[in-house]
Amino acid sequence: MSKKSFLASVYRYNPFTDRKPYYVKYEIEAGGKMKVLDVLRYIQRNFDGELAFRSSCGIGRCGSCAVVVNGKPVLSCKEYIENIDIVIEPLANYPVIKDLIIDREPYNNKLKHIRPFLENTARGTKQVAQEDYQQYKYFTCCVECLCCMSVCPSFSRVPLEFYGPCIFVQLARYKSHPLDGGARILMVKYGGLHNCISCKRCTAVCPQGIDIYNDVVVPFRTAILREGGDSF
C-alpha cells in the first residue's frame with residue numbers, strides 16, 4: 001500500500017520563551033488509520049523532540065492524553081484519523097504549561113475540597129448487594145480527562161464559583177455508593193450547580209459515554225429541590 005500524507009497543525013507555546021502561541025505544520029506520512037497519539041509521537045520522533053504532550057496508558061484509562069482535534073476534545077490514544085488535515089490544540093479553560101500540556105492543578109485543588117473518598121459516617125458497615133454497585137461502577141468509568149471541563153461555558157465564565165461537570169461526576173460517584181455517608185448534595189449546591197446552563201456539551205464530548213447532564217446534573221437538581229433548595 002502506497003503511503004499518503006496529511007498536514008498536522010500543532011499548537012506550540014512555551015510561556016517562558018514565547019510572546020504568544022503559534023502553530024507549526026508537519027507533513028505526516030501514513031499508510032492508513034493513525035491515532036492522534038501516533039501522530040504526536042511521529043512528530044516528536046521525526047521533526048521536533050521538544051514537542052510537549054501527555055500520554056501514559058495508551059488505552060483510554062488514564063485520561064492524561066486529552067487534546068482538542070479539529071475543535072473537539074478527544075483522548076488522543078483513542079481518536080483515529082485517516083489522511084485528513086488536522087489541527088491539534090490543548091484543552092481550553094486551563095493554563096498551558098507548554099504546547100499541549102495543560103496545568104491540572106486548578107482541577108486537583110477543587111477535587112480536594114469534595115473529600116474524594118468514601119465517607120462512612122452515616123450508614124455504618126453492612127453487607128451490600130452487588131446490584132447496588134451498578135450506578136457507582138457507571139460513574140467510575142470517568143477517567144478525569146477534563147474534556148467536559150474544556151467545553152463548559154459556565155466553567156469558562158465563572159471558574160471560581162463553579163466546580164464544573166467533571167467534579168460533579170466525582171460527587172455523583174461517591175453519592176451513588178451504598179456505603180457513602182458524605183454530604184454530597186450540599187457540596188454540589190455550594191459548588192455552583194445553579195450556574196449550569198443545560199447546554200449538554202459535557203455529555204456530547206465525554207469519551208467514556210457518560211450522560212453527564214441527564215445522569216448527574218438533573219438528579220442533583222432534583223435532590224436539591226427535594227431538600228428545600230432554591231429552584232433553578
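Modeller: Let us do so, bearing in mind that this is a predicted model. In a regular strand the side chains alternate between the two faces of the sheet. Strand β7, residues 86–89, shows a covered face formed by Ile86 and Ile88, while Val87 and Glu89 make up its uncovered face.

Biologist: Which strands pair with β7, and in what sense?

Modeller: Strand β1, which spans residues 4–12, pairs with β7 in the parallel sense, over three bridges. Strand β4, residues 66–69, pairs with β7 in the antiparallel sense, over two bridges.

Biologist: Which residues stand opposite Ile86 and Ile88 of β7?

Modeller: Opposite Ile86 one finds Ala8. Opposite Ile88 one finds Val69.

Biologist: Let us turn to the backbone. Which residues other than glycine have a positive phi?

Modeller: Two cases may be discussed here. Asn70, which is not a glycine, has a positive phi of about 50 degrees. Asn70 belongs to the loop between β4 and β5, the latter covering residues 72–75. Ser198, likewise a residue other than glycine, has a positive phi near 60 degrees. Ser198 sits in the loop between α7 (184–190) and α8 (201–205).

Biologist: What are the relative accessible areas of Asn70 and Ser198?

Modeller: For Asn70 the value is 46%, and the residue is partly exposed. For Ser198 the value is 26%, and this residue too is partly exposed. Partly exposed refers to the range between the buried limit, under 20%, and the exposed limit, over 50%.

Biologist: How should I read a pair of aromatic rings, and how many such pairs are there?

Modeller: A pair of aromatic rings is described by the distance of the centres and the angle of the planes. In this model the count comes to seven aromatic pairs. One of them joins Tyr11 and Tyr23: the ring centres are 5.7 Å apart and the planes stand at 85 degrees, so the pair is edge-to-face. The cut-off behind this reading is that planes over 60 degrees apart count as edge-to-face. The pair links distant parts of the chain, with Tyr11 in strand β1 and Tyr23, twelve residues away, in strand β2 (residues 22–30).

Biologist: Are Tyr11 and Tyr23 buried or partly exposed?

Modeller: Tyr11 has a relative accessibility of 12% and therefore counts as buried. Tyr23, at 43%, counts as partly exposed.

Biologist: What arrangement do the rings of Tyr138 and Phe139 have?

Modeller: Their centres lie 5.1 Å apart and their planes meet at 45 degrees, so this pair is tilted. Tyr138 is partly exposed, at 27% relative accessibility, whereas Phe139 is buried, at 2%.

Biologist: Which residues form an aromatic cluster?

Modeller: Tyr26, Tyr42 and Phe47 together form one aromatic cluster.

Biologist: Finally, how may the chain as a whole be described?

Modeller: The protein chain has nine helices and nine strands. Its C-alpha atoms fill a box of roughly 60 × 40 × 25 Å along the principal axes. Of its 232 residues, 46% are buried. Among contacts with a separation of 6 or more, 65% are between residues 24 or more positions apart. The accessible surface is about 12,200 Å², and carbon and sulfur atoms contribute 49% of that area.

Biologist: And how far apart are the mean positions of the positive and negative charges?

Modeller: The mean positions of the 31 positive and 23 negative charges are 2 Å apart.

Conventions. Residues are numbered from 1 along each chain as its sequence is written. This is a predicted model: local features need pLDDT of at least 70, side-chain atom pairs count only at pLDDT 80 or more; totals for chains, interfaces and linings use all residues. Side-chain values use heavy atoms; hydrogens and water are left out. Helices (H or I, at least four residues) and strands (E, at least two) are DSSP runs, numbered from the N terminus. Buried means under 20% relative accessible area, exposed over 50%, partly exposed in between (1.4 Å probe, protein chains only). Contact means heavy atoms within 4.5 Å. Accessible areas come from the Shrake-Rupley method with a 1.4 Å probe; for residues, only the protein chains shown count as cover. Lys and Arg count as positive and Asp and Glu as negative; His and the chain ends are not counted. The place of a charge is taken as NZ of Lys, CZ of Arg, CG of Asp or CD of Glu. Two strands pair if DSSP finds at least two bridges between them. Rings of Phe, Tyr and Trp (its six-membered ring) pair if their centres lie within 6.5 Å; planes under 30 degrees apart count as stacked, over 60 as edge-to-face and the rest as tilted.
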